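Load the model in your viewer and keep the selection panel open.

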Amino acid sequence: SPPVRVLLGYTLTAAIGGADMPVVITVLNSYSGWALCAEGFMLNNSLMTIVGSLIGSSGAILSYIMCKAMNRSLPSVIMGGFGTSSTGGGEAMAIEGTHTEVMTDGVVDALVNAKNVVVVPGYGLCAARAQYPVAAIADLLTSKGINFRFGIHPVAGRMPGQLNVLLAEAGVPYDIVLEMDELNDDFPDTDVVLVIGANDTVNSAAEDDPNSIIAGMPVLRVWKAEQTIVMKRSLGVGYAAVDNPVFFKPNTSMYLGDAKKQCEALLEGLRRHYGE
């Protein structure tokens, strides 16, 4: 009956935190597929059975990928668990220091003087719809001989592949969009990393603080680059509600503001620098 279905759906999702909601979406998608598959068996309908099994298995695979990328277990997510499988029992490390802010001209200077640039996008880029000016920046700097690449975390955005789709939509070549495992070892040789709207996926506490609730979560090691520039609206926490020590590191500068407006300002500054 409808009330039972509503109660079942509510009890399955009410305890789950905001950072785990993408996993819930894929799990519910998988549930719907297996339900359709079962209905196909009951009705002796081969098409429903095949389609349902495809939906169910794809949802299950996506759920596994996302849990692995967050160092979480699926039962822990479904039951509203807190922290990762590597989280210790002590108190998380306190963050010390102050952040440094940079203006548009400073970011433009850093980009034009760099040989290797990596952009790490997150959900903030999606929300601001900044993929088009970012793609234009990539095209311009690539044409000037700069090695320009994108680094994508498996759970960047709200679903696996969301950033890849947005960048492809804006015309970014596939060969410069790399996955986390392909790029992580290159950060020490990177001149500038531009983080756009990402937080938890570039949080150094995942590797440096065994008591952090995201301890052990695979992250993009942007703090190992020569210079890291973080573009965000504010210094606020991400969906995991964990402060990010990267914001306060000496080689990090905060470029605060709306991602689309800031990227458009950067593009304008770069064109002005190159006389275009």
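Which residues have the most contacts inside the largest nonpolar core? Select F150 and I196: these two have the most contacts within that core, which has 42 residues. A nonpolar core here is a set of buried Ala, Val, Leu, Ile, Met, Phe, Trp, Tyr and Cys residues joined through side-chain atoms within 4.5 Å. Buried means under 20% relative accessible area, exposed means over 50%, and partly exposed is in between (1.4 Å probe, protein chains only).

Before going further, note that this is a predicted model, in which local features need pLDDT of at least 70, side-chain atom pairs count only at pLDDT 80 or more, and totals for chains, interfaces and linings use all residues. Residues are numbered from 1 along each chain as its sequence is written, and side-chain values use heavy atoms, with hydrogens and water left out.

**The cores**

Return to the core of 42 residues and colour helix α7, residues 131–143, which supplies the largest share of this core, six residues. Helices (H or I, at least four residues) and strands (E, at least two) are DSSP runs, numbered from the N terminus. Now display the surroundings of I196. Leaving aside residues up to four places away in sequence, I196 touches V119, V120, P121, G122, L125, V134, M231, A259 and C263; a contact means heavy atoms within 4.5 Å. Apart from this core lies another, of 31 residues, including V23, V77, V193 and V222.

**The whole chain**

Zoom out and show the cartoon: there are eleven helices and six strands. The chain has 276 residues, and 44% of them count as buried. Among contacts with a separation of 6 or more, 76% are between residues 24 or more positions apart.

Select T228, in strand β5 (residues 227–232). T228 counts as buried because its relative accessibility is 0%. Beyond residues up to four places away in sequence, its contacts are V193, V195, V222, W223, N251, T252 and S253.

Next pick I214, in the loop between α10 (205–208) and β5. I214 is also buried, at 4% relative accessible area. Draw a C-alpha to C-alpha distance from I214 to N71: the two are 143 residues apart in sequence and 7.9 Å apart in space.

**Charged pairs**

How many salt bridges are there? The count is four, where a salt bridge is a side-chain nitrogen of Lys or Arg within 4 Å of a carboxyl oxygen of Asp or Glu.

Select R221 and E207, whose side chains meet in a salt bridge at 2.7 Å, N to O. R221 is in the loop between α10 and β5 and E207 in helix α10, so this pair ties together parts 14 residues apart in sequence. R221 is partly exposed at 22%, and E207 is partly exposed at 37%.

Move to D258 and R233, a salt bridge with its closest N and O atoms 2.7 Å apart. D258 lies in the loop between β6 (252–256) and α11 (259–274) and R233 in the loop between β5 and β6, so the pair ties together parts 25 residues apart in sequence. D258 is buried at 17%, whereas R233 is exposed at 64%.

Finish on helix α11 with E268 and R272, which lie four residues apart, about one turn of the helix. Their side chains form a salt bridge at 3.7 Å, N to O, and both residues are exposed.
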